[in-house]
Amino acid sequence: MATATTATTASRRQGRGGRERILAAAAGLFAVQGINATGIEQIAERAPVSKRTLYAHFRTKDELVLAHLEDLSSTGHTLEGTLTREDVPARERILALFDPLPAGVDPVRGCPFIDAAVEFPDPRNAVHSYARERKLLMVRLVAELVAELGCREPAALAEQLVTLADGAASRAMVLDEADYGRHARTAAEILLANALPTTT
């Protein structure tokens, strides 16, 4: 009887945090291999959970990918997350979009939302739709920050800045160059300086 109780307890412990382990495994594999190149079996093995457990949490791979992107958003470890840090001045939050990636990131990945939209190209797909929502949020956040700085035409300026940021992130991934954003940062500084009202 004691053996059965022990087995049941061990099984419960193994089941705890299954969703979190699946998301962590998926995040690691997606970052290295891409989404479509990563199989459900790989994620289950990395978690580690059974495929049955994985499908109990996520009925489809699309559902898992969407949860993965939502998890990234909630942690703030994205370009959009940089913009909401109230402990950093508005101008520095904008320029932080072009900061080098943390040391040890290998391979260099671009924006996860752009990556996901590329791998799910149908605009009606839930993953693509979520990626679009995050990119629209990004431009709204930048527009609020440049308006706070007193810049002229904040909506147009925000579009220019996020285009620079997304372009830099994409090129950093293609070239596997973690600090590629330095080029776009210089352009962003010029845009901000030119948009500030002149003082007499």
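Eleven it is: the chain has 11 helices and 0 strands. Read from the N terminus, the order of elements is α-α-α-α-α-α-α-α-α-α-α. Keep in mind that this is a predicted model.

Now the chain as a whole. There are 200 residues, and 38% of them are buried. The accessible surface is about 11400 Å². Carbon and sulfur atoms account for 55% of that surface. What about contacts along the sequence? Take the contacts between residues at least 6 apart in sequence: 66% of these join residues at least 24 apart.

Next, the pocket. How much space lies in the largest pocket? About 1100 Å³. Its lining counts 41 residues. Which lie nearest the centre of the largest pocket? His77, Leu101, Arg109, Gly110 and Pro112.

Which helices supply at least two residues each to that lining? Here is the list: H2 (18-33), H5 (61-75), H6 (79-82), H8 (112-119) and H10 (154-175). H2 gives the most, with 6 residues. By class, the lining splits into 25 nonpolar, 10 polar and 6 charged residues. So much for the pocket.

On to the cysteines. How many disulfides does a search of the whole structure find? The count is 0. Is cysteine 111 buried or exposed? Its relative accessibility is 4%, and the cut-off for buried is under 20%, so cysteine 111 counts as buried.

Last stop, leucine 191. Where does leucine 191 lie? In helix H11, which covers residues 181-195.

What does leucine 191 touch, leaving aside neighbours within four places in sequence? Its contacts are Leu157, Gln160, Leu161 and Leu164. Now look at alanine 158. Leucine 191 and alanine 158 are 33 residues apart in sequence. In space, their C-alpha atoms are 10.0 Å apart.

To recap: a chain of 11 helices and 0 strands, a largest pocket of about 1100 Å³, and 0 disulfides. That's my part. Over to you for discussion.

Technical notes
Residues numbered from 1 in each chain as written. Predicted model: local features only at pLDDT ≥ 70, side-chain atom pairs only at ≥ 80, totals over all residues. Heavy atoms only, no water. 1 Å grid on protein atoms, 1.4 Å probe; cavity = no way out; pocket = protein on both sides within 12 Å on 5 of 7 lines; lining within 4 Å. Points joined across faces, edges and corners; volume = space filled by probe spheres on them. Helix = DSSP H or I, 4+ residues; strand = E, 2+ residues; numbered from the N terminus. Nonpolar A, V, L, I, M, F, W, Y, C, P; charged D, E, K, R; others polar. Disulfide = S-S within 2.5 Å. Buried < 20%, exposed > 50% of the residue type's maximum accessible area, 1.4 Å probe, protein only. Contact = heavy atoms within 4.5 Å. Areas by Shrake-Rupley, 256 points an atom, 1.4 Å probe, with all protein chains shown as cover.
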